[in-house]
Amino acid sequence: LPALSLPSSMHLIQMDSVQRWMEDLKLMTDCECMCILQSKPISVEKDEQNEVILSSQYRTCDNLQLLLKRAWIISTELTRIAQKLEKNRWQRVHSMTVRVNCHVRSMINEYNTFTRNSSEEMHQFEKLLIDKCSEFTAFTERCIQTEDEQILKSMKSSINETLTNVAQYFGQLIELVLTHEAQNLLRQIELSDSMYITESAISSLFSLTQEGSHLCRIIAKEGGVVALFKICRQDCFRCLYPQTLRTLASICCVEEGMHQLEKVDGILCLADILTDNSHSEATHAEAAAVIAQITSPHLTFTQHLSSFLENMEEIVTALVKLCQEASSGEVFLLASAALANITFFDTMACEILLQLNAMKILLAACSDKHIVDTPYSRDQVVTILANMSVLDQCASEIIQGNGVQLLMEMLFERSSSGNSAEVAACERVQQKSAVTLARLSRDPDVADAAVKLSCIPRLIKLCRSPTERNNSDSVLVACLVALRRLAVMSPEGLEDSDFQQLVKPRLVDSFLLCTNMEESFV
């Protein structure tokens with residue numbers, strides 16, 4: 001059976017298995033009720049019709065969530081049917097097929113109760129899917145009525161083919177439905193003069209973007225980036241800017257969104273927002289989030305952002321100011337993340353940051369535990385320091401701002417919660433602080449300060465103790481490099497055994513020695 005052509009949103013919300021069962025239970029029981037009622041929806045009285053239509057636009061988000069949950073159940077059931085079919089569990093295949101049949105009918109009926117203008121193409125796919133599900137159920141019913149292995153074997157390929165068709169029609173229908181809903185929401189954003197309706201539509205659109213990159217692609221293809229930037233260029237919608245920018249940041253995680261952003265001069269619009277002091281801090285922070293997204297070093301499709309270079313200096317200046325004036329850790333995180341990404345994006349950014357005294361501002365922020373309050377924020381700061389440390393002028397700035405002390409503290413970064421994302425952030429902080437020390441230690445004054453602050457013993461500890469570095473190989477390599485650089489400047493700081501094992505051999509040999517090292521608990 002080929003992979004189902006479903007949106008990546010089908011993973012839905014990660015949650016505890018019991019909670020997931022409780023969420024799905026209503027849908028399951030509804031399905032059985034609909035089966036008894038032959039999937040005939042209860043009609044709406046004429047005098048209630050207007051009320052239903054009036055309220056439907058405000059329930060779009062909830063209805064789409066229900067649709068996505070129902071679709072997730074169907075896709076899961078189809079996968080399980082394929083598994084049971086492979087094992088010739090005919091009774092189970094039939095019962096699950098009946099259940100899928102009911103779920104499909106329920107999903108279509110539910111959708112048709114809250115949508116008002118579905119296309120003829122969608123109705124055709126609904127009919128095709130229902131007919132194919134009925135055919136599938138009839139096939140599997142015949143299978144449980146015979147025990148002849150040869151007959152069952154001959155029917156298996158036909159059932160597989162029908163299952164594949166069901167999966168394909170289902171995937172295409174879901175694609176059409178999501179496209180249709182995205183179009184409806186964007187139409188509301190573009191045509192409505194009501195602040196409430198526009199806000200509701202943007203909120204629903206944001207909820208859709210959280211269901212995965214596939215939905216972001218659909219929204220981008222349907223003109224979502226264009227419609228949202230249109231909002232960001234109208235003063236009457238200023239109160240909606242933060243929400244609109246947050247939605248844009250989500251859509252721009254996909255290539256289609258980035259291309260649309262470039263076409264509508266989105267960079268220029270973001271620069272205007274960031275440099276306009278009349279906007280709220282929340283608006284500036286969300287604009288910074290969009291910048292962080294579109295300059296992410298993990299994306300492979302940023303090369304076309306030519307207009308970014310034209311506006312980079314004023315964007316970097318505004319982001320440094322936002323870091324300096326941030327009233328919360330979240331605002332600082334967004335602004336510093338954007339700066340960190342920009343330093344990867346273009347080396348000229350590091351020179352601009354140096355001219356703006358960004359080093360001093362970032363080091364000062366790190367001393368305020370209310371602003372730089374998580375490993376994630378420290379990760380952004382040390383990323384900027386690491387990328388700036390390639391500049392010769394950076395060393396004096398580090399010493400003046402007590403930066404070597406900060407880098408030393410970052411070598412002790414540990415997760416307090418044990419959360420995997422936080423642990424990974426702590427590893428990055430340790431690694432990048434070691435990288436920064438290695439780069440800056442070409443300056444004798446920095447190396448001397450590092451030795452006086454006992455950086456060498458800490459680097460040795462990180463190399464020799466896997467638990468100190470959370471068994472991270474990247475932290476180990478960075479620490480070995482930093483240790484070797486400091487050893488050149490201050491060889492008296494190492495014992496002979498450390499020199500023989502961690503400095504003298506080839507880097508790869510020291511690495512292998514440390515990764516195979518048994519930790520002593522004596």
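Which residues line the largest cavity? The model is predicted. The lining of the largest cavity is made up of L67, M107, I108, Y111, E126, L173 and V177.

**The cavity**
- The structure holds one cavity of 30 Å³ or more.
- The volume of the largest cavity is about 30 Å³.
- Two elements, α4 (90-114) and α6 (149-191), each give two or more residues to the lining of the largest cavity.
- Helix α4 gives the most, with three residues.
- Sorted by class, the lining has six nonpolar residues, one charged residue and no polar ones.
- Rolling a probe the size of a water molecule over the atoms shows where empty space is left.

**Residue T137**
- T137 sits in helix α5, which covers residues 120-144.
- Is T137 buried or exposed? T137 has a relative accessibility of 12%. Buried means under 20%, so T137 counts as buried.
- Leaving out residues up to four places away in sequence, T137 touches H94, T97, V98 and N101.

**Helix α18**
- Helix α18 runs over residues 375-388 and has 14 residues.
- From its first C-alpha to its last, α18 reaches 20 Å. That is close to the 20 Å expected at 1.5 Å a residue.
- How many of the 14 residues of α18 are buried? The count is 13, and α18 is mostly covered.

Note on methods: Residues are numbered from 1 along each chain as its sequence is written. This is a predicted model: local features need pLDDT of at least 70, side-chain atom pairs count only at pLDDT 80 or more; totals for chains, interfaces and linings use all residues. Side-chain values use heavy atoms; hydrogens and water are left out. Helices (H or I, at least four residues) and strands (E, at least two) are DSSP runs, numbered from the N terminus. Buried means under 20% relative accessible area, exposed over 50%, partly exposed in between (1.4 Å probe, protein chains only). Contact means heavy atoms within 4.5 Å. The expected span of a helix is 1.5 Å times one less than its number of residues. On a 1 Å grid over the protein atoms alone, a cavity is a set of points where a 1.4 Å probe fits but cannot get out, and a pocket is an open set with protein on both sides within 12 Å along at least five of seven lines; lining residues have an atom within 4 Å of a point. Grid points are joined across faces, edges and corners, and a volume is the space filled by probe spheres set on the points. Ala, Val, Leu, Ile, Met, Phe, Trp, Tyr, Cys and Pro count as nonpolar, Asp, Glu, Lys and Arg as charged, and the others, Gly among them, as polar.
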